[in-house]
Amino acid sequence: MIVVAGESLIDLVPQGAATPLPALLPRLGGGPYNTAVALGRLGSPVAFCSRVSTDAFGEALLGGLRAAGVDVSLVQRGPEPTTLAVAAIGSDGSAGYGFYAQGSADRLFELPGPLPEAVRALALGTCSLVLEPGATAYEALLRREAGRGVFTLLDPNIRAGLIPDADAYRARFTGWLPFVSLLKLSEDDAEWLGGVPEGPEAVVLTRGGSGLTVRTRAGTEVSVPAAPVTVADTIGAGDTVNAALLHGLAARDALSPAALSALDAAAWTEVLTFAARAAAVTCSRTGAEPPYAWELARGAAADPEPDHSSPAGA
């Protein structure tokens, strides 16, 4: 089983023609939430670990997890409201966000007891590692599970507007790296953090329409192009990459630092190509709607008349 820990929220996505006050469509979202749903749709055994509101949005979020086959037994519940993220979609499909997270349920996450022995990997990231007091609990979960040998994936997915002290966050981020097996960064993340860091066994860099690159501690470097597709928006693309990486590595029995370092260039090319195709499907539809395994099996990531290459992760 893979455990994804972090926030769930509601994305409010603009609809129709651009106006000063566009209609906003509520969509299920949150980086870790999207990663968990994507893993479930790909067929990986996965559980979600978070605190979810008992309000109507929270019930809808839980329903989305269950529909994707995600185990919700590690989900904590509370009466606090669900976080809202108002998306702004650029002309290239890229998304920016404004967050309404004060006093929301996912901020009050508490460190759970030991995860089940069957857990092979833990994925964390995005707002959950910024917003206190939950951020401290998620950090403790990362350190504890890595300490007992669980494979860890970290996607910081920087939302600068939520970070009150950039230097303090960068220092804290550096402190997480010894506990991270696989780090996934976008080019924007890397620029904000001051470069691609060293430490994890492997770092996957998403480069928008230029594709994906992995650099390993063992010295392997592999790049693949983005899959061609007509982009609706990029919401959830990077989260889909997280899920596809974990799914592909699990299929190769590579969810351990030693196995990860042993992967050769050919294996990484296959894993990254699969992740790029999965992200392309997500980019082809509005909101965070990651692909099902059957869509990738039939080659649904390719648009028959592509306009441009999809941003391979955000």
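Residues are numbered from 1 along each chain as its sequence is written. In this predicted model, local features need pLDDT of at least 70 and side-chain atom pairs count only at pLDDT 80 or more, while totals for chains, interfaces and linings use all residues; side-chain values use heavy atoms, with hydrogens and water left out.

**Exercise 1. Describe how α1 packs against α6.**

Step 1. Helices (H or I, at least four residues) and strands (E, at least two) are DSSP runs, numbered from the N terminus. Axes are lines fitted to C-alpha atoms, for helices over the stretch in contact, with angles from 0 to 180 degrees between N-to-C directions. The axes of α1 and α6 come within 8 Å, crossing at roughly 45°.

Step 2. Angles under 35 degrees count as roughly parallel, over 145 as roughly antiparallel, 65 to 115 as roughly perpendicular and the rest as oblique. The angle therefore makes α1 oblique to α6.

Step 3. A crossing is left-handed if the near helix is turned anticlockwise from the far one by less than a right angle, and right-handed if clockwise. For α1 and α6 the crossing is right-handed.

Step 4. Contact means heavy atoms within 4.5 Å. On α1 the contact is made by G31, N34, T35, A38, L39 and L42, and on α6 by D239, T240, N242, A243, A244, L246 and H247.

Step 5. Ala, Val, Leu, Ile, Met, Phe, Trp, Tyr, Cys and Pro count as nonpolar, Asp, Glu, Lys and Arg as charged, and the others, Gly among them, as polar. The contact of α1 with α6 has six nonpolar, six polar and one charged residues.

**Exercise 2. Characterise the packing of α6 with α8.**

Step 1. Helix α8 covers residues 265-283, and α6 packs with α8 at an angle of about 145°, their axes 8 Å apart. The crossing of α6 and α8 is right-handed.

Step 2. Among the contacting residues are A237, T240 and V241 of α6, and W268, V271 and L272 of α8. By class, the contact has 13 nonpolar, four polar and no charged residues.

**Exercise 3. Locate the largest cavity and describe its lining.**

Step 1. On a 1 Å grid over the protein atoms alone, a cavity is a set of points where a 1.4 Å probe fits but cannot get out, and lining residues have an atom within 4 Å of a point. Grid points are joined across faces, edges and corners, and a volume is the space filled by probe spheres set on the points.

Step 2. The volume of the largest cavity is about 60 Å³.

Step 3. The lining comprises 13 residues, with P32, T35, L124, G125 and N242 nearest the centre. Elements giving two or more residues to this lining are β1 (2-5), α1 (31-42), β9 (121-125), β10 (151-155) and α6 (237-251). By class, the lining has six nonpolar, five polar and two charged residues.

**Exercise 4. Identify the backbone features at T126 and P133.**

Step 1. Most residues other than glycine have a negative phi, and most peptide bonds are trans.

Step 2. T126, although not a glycine, has a positive phi of about 65°. The peptide bond from E132 to P133 is cis, with omega near 5°.

Step 3. T126 lies in the loop between β9 and α3, and P133 lies in the loop between β9 and α3.

Conventions: On a 1 Å grid over the protein atoms alone, a cavity is a set of points where a 1.4 Å probe fits but cannot get out, and a pocket is an open set with protein on both sides within 12 Å along at least five of seven lines; lining residues have an atom within 4 Å of a point.
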